[in-house]
Amino acid sequence: MVPVVFRSELSSVARRSFQVEESNLVASIAGGSRAVSRDNSALQLDASPSYDPDACSSVNLADGTCTADTDLRVRWACARGSDRERACRERGTGEIATFPEGVVVTVDIAALEIDEEDSVIFSALISKGARFEETNVLFPLLEGAVLDLSIDTLFGNAERVAFVAAGPGLPFDQPLVNN
């Protein structure tokens, strides 16, 4: 028997077209829902956890460390009570309240006509080019001062749990520890 060797000079080309869609933006407001005082003149709204997944590396997406890029625009709106259709109004003029554009803004709650309301909703409209995403957070309104505290768990088990509270509103210099 004689072995037979086949040699081919042929080549082939395959072409495919792909259309890659842009990802949805991720809109988020730091801090979440928390009670605020009606007298609060410096409520900080922070949309810096918002991001464009297409502008993040795969490592940042995987470990949750994507941050807002400079191309994101953030517009803020306010609604009275739990009805998003009832826009907040400026105290004195009755005009619909407007807020500065920006990732982090400070709002004067006391400048809003919300005397009869038990809460307000702040919405952040995040946009980049033609894409947009919206998120909102509800703030229950309380009379008087509201302490601005951070509370962390020191430890916990089936029998006990211990917390530590710290913040500028505490009436003493040391963190409050409860166990």
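This briefing covers a disulfide and a pocket in the structure above. The model is predicted, so local features need pLDDT of at least 70 and side-chain atom pairs count only at pLDDT 80 or more, while totals for chains, interfaces and linings use all residues. Residues are numbered from 1 along each chain as its sequence is written, and side-chain values use heavy atoms, with hydrogens and water left out.

**The disulfide**
- A search of the whole structure turns up one disulfide (a pair of cysteine sulfur atoms within 2.5 Å).
- Its partners are Cys-78 and Cys-88, with sulfur atoms 1.9 Å apart.
- Cys-78 sits in strand 3 (residues 73–80) and Cys-88 in the loop between strand 3 and strand 4 (104–107), so the bond ties together parts that are ten residues apart in sequence; strands are DSSP runs of E, at least two residues, numbered from the N terminus.
- The torsion about the S-S bond of Cys-78 and Cys-88 is about -45 degrees, so this disulfide is left-handed.

**Burial of the two cysteines**
- Cys-78 is buried at a relative accessible area of 9%, and Cys-88 is buried at 1% (buried means under 20%, with a 1.4 Å probe and protein chains only).

**The second largest pocket**
- Its volume is about 190 Å³; a pocket is an open set of points on a 1 Å grid where a 1.4 Å probe fits, with protein on both sides within 12 Å along at least five of seven lines.
- The lining has 13 residues, and Ala-77, Cys-78, Ala-79, Arg-84 and Ala-87 lie nearest the centre (lining residues have an atom within 4 Å of a point).
- Strand 3 and strand 5 (119–128) each give two or more residues to this lining, and strand 3 gives the most, with three.

Technical notes
Helices (H or I, at least four residues) and strands (E, at least two) are DSSP runs, numbered from the N terminus. Buried means under 20% relative accessible area, exposed over 50%, partly exposed in between (1.4 Å probe, protein chains only). Grid points are joined across faces, edges and corners, and a volume is the space filled by probe spheres set on the points.
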